[in-house]
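Work through the following exercises with the structure in view, and try each task before you read its solution.

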Amino acid sequence: MVNNIPRALLLVLTFSVHFFYAQNENLEKKSQISFAQLDFLSIDMPNANEANMDFTGIHYNVMLNNWSYAGLGFYGAVGGERGGFFTLGLNVGVKKEIYKKLFVDAGLHFGGGGGAAAPDGGGAFILPHINLGYDFKYFSISGGWSYIDFFAGGEIKSNQVYASLQIPLNYDYSNFNTRQLELDTESLKNTEWDKKSHRISAMVHLNNLSVKGDSKFVDGSSMDGRTMRLAGFEFTSYVSDDWFYFIKADGAYSGIPAGYMDIFIGGGYHLSMNKNRTNIQAKFGIGAGGGGGVDTKGGFLIYPDLSLEQKVYDNLYFSINKGYLMSPDSHFLSSTLGFGLKYYVEKDGIQTENSSQNKAVFKGIQTILKQDWYLNASRNGGFEQDMHQISLQINVFFNKYIYGAGQTSFANFGDAGAYAEGIVGLGVQSNNYFNNRFSIFAQVLGGAAGGGGISTGEGLIVKPSAGINIKLTNFLNLRGGIGYVKARGGSLSNIFANFGLSYNLSFLTLK
């Protein structure tokens with residue numbers, strides 16, 4: 001037995017070394033070079049009597065190597081006669097320095113979407129571009145040529161000037177399998193994580209729009225006194241202790257015919273009091289909105305807002321906001337009253353002014369791009385036809401298995417180009433099985449949907465589904481699912497299937 005003791009110690013030490021090596025490898029901080037982009041183009045519409053549709057985009061791209069990138073982007077109409085025209089799509093491109101800070105940017109955007117009564121066909125389109133730009137270190141600008149073609153039965157085809165602004169927006173991350181790993185911040189001292197944390201927040205909210213003045217539907221009837229009920233999501237990122245920028249999106253689920261949505265970007269100021277239990281925020285955003293028969297002219301809207309937040313538990317706050325959502329000339333005018341739940345996170349570092357946050361935990365995030373296929377989707381004309389849509393879903397894991405989800409989708413095939421969804425919900429995902437290659441999930445999402453002649457009533461839908469993930473790499477999965485979608489107040493009630501890719505990682509957060 002004595003002779004066996006050295007062997008046992010050797011075995012324990014071997015496994016211990018392997019465990020600590022594997023743990024350190026998982027905890028390694030990885031950095032992704034990436035950039036946000038705003039771009040603009042003015043599209044020549046097929047009807048000679050119609051003004052150009054001014055189109056602006058918000059994108060986020062990651063560099064795959066030192067010369068190529070891929071990412072996702074939204075477009076919305078902000079000028080012309082097509083307020084409420086929105087799209088979602090995939091970006092791929094090449095960005096290469098050719099002389100000092102001068103670079104060439106050539107890429108392709110493939111997406112889906114549209115607007116009510118627009119000649120967008122099924123909604124699928126391509127948007128290639130080639131630009132010449134200059135890098136000013138903290139931002140870069142470029143300009144050049146682009147072409148847009150709604151090729152799935154649409155008539156919109158146009159060559160135009162293309163201008164863009166790009167801002168570096170890198171992020172730090174770790175492997176997805178570290179999710180919910182909890183550590184003392186002391187154990188991360190003198191590591192790559194020992195740096196100042198970065199504060200972000202995410203909020204789901206309900207917003208009531210009381211429409212005023214001369215606001216009208218596109219058929220000319222008055223909207224004065226009408227209340228539009230919206231559900232949406234807001235993401236905020238802080239550039240200092242007090243100043244922040246935000247991205248906000250909403251969709252109507254009651255009060256008007258289905259189909260209204262809006263997307264905003266903006267900035268604001270944050271004031272804390274009562275030992276950080278109470279916050280006041282002043283915000284101002286600009287963006288695009290329309291659909292659901294609402295006349296927003298070209299679609300350009302502004303959004304001044306004042307919010308009061310009160311801590312409920314841990315980093316969770318209840319928010320109430322009051323403001324305006326309007327076109328600059330008050331052609332469309334509404335006062336807003338909203339309620340939401342907001343969650344604050346300190347991420348990417350362990351240095352913070354809040355001494356009570358002495359624990360760190362890795363939070364799992366999944367970004368999913370997929371194609372949905374609705375079988376025999378009910379239409380307003382009393383008939384059924386298959387409909388396809390491009391869909392973006394983001395999952396945030398509350399623990400190792402349960403996640404909160406937000407999803408937006410836009411039709412691209414099936415003659416429903418103006419159809420869109422904005423839904424949120426909960427899901428559960430299993431451990432990996434079969435040589436760590438497969439996992440299963442189930443989720444229930446619900447929210448606003450409409451447009452494109454799809455029968456969704458005033459816009460409220462529920463969408464349960466289940467499926468499987470197949471591991472390709474530590475960060476990338478194939479994902480497939482099947483489910484059922486049901487509209488409240490409309491006849492949409494059918495099976496759907498989807499297939500896509502899931503990008504998985506973890507962020508270090510403080511608690």
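The radius of gyration used here is taken over C-alpha atoms, and the globule rule is 2.2 Å times the number of residues to the power 0.38. Please keep in mind that this is a predicted model.

**Exercise 1.** Work out which radius of gyration a compact globule of 511 residues would have, and compare the protein with that value.

*Solution.* Begin with the rule, which for 511 residues gives a radius of gyration near 24 Å for a compact globule. Then take the value for the protein, which is 24 Å and therefore agrees with the rule. As a further step, look at the box that the C-alpha atoms fill along the principal axes, which is roughly 95 × 55 × 50 Å.

**Exercise 2.** Describe the secondary structure of the protein, and state what share of its residues is buried.

*Solution.* Counting the elements gives one helix and 27 strands. Turning to burial, 50% of the 511 residues count as buried. Finally, among contacts between residues at least 6 apart in sequence, 62% join residues that are at least 24 apart.

**Exercise 3.** Locate K29 and decide whether it is buried or exposed.

*Solution.* First, find K29 in the loop between α1 (4–27) and β1 (30–32). Next, recall that buried means under 20% relative accessible area; K29 has 15% relative accessibility, and so it counts as buried. Then examine its surroundings: the side chains of K29 and S31 are joined by a polar contact of 3.4 Å. Once neighbours within four places in sequence are left aside, K29 is in contact with D172, Y173, E192 and W193.

Key:
Residues are numbered from 1 along each chain as its sequence is written. This is a predicted model: local features need pLDDT of at least 70, side-chain atom pairs count only at pLDDT 80 or more; totals for chains, interfaces and linings use all residues. Side-chain values use heavy atoms; hydrogens and water are left out. Helices (H or I, at least four residues) and strands (E, at least two) are DSSP runs, numbered from the N terminus. Buried means under 20% relative accessible area, exposed over 50%, partly exposed in between (1.4 Å probe, protein chains only). Contact means heavy atoms within 4.5 Å. A polar contact is a pair of N or O atoms within 3.5 Å; within protein, one must be able to donate a hydrogen and the other to accept it, and residues adjacent in sequence count only if both atoms are side-chain atoms.
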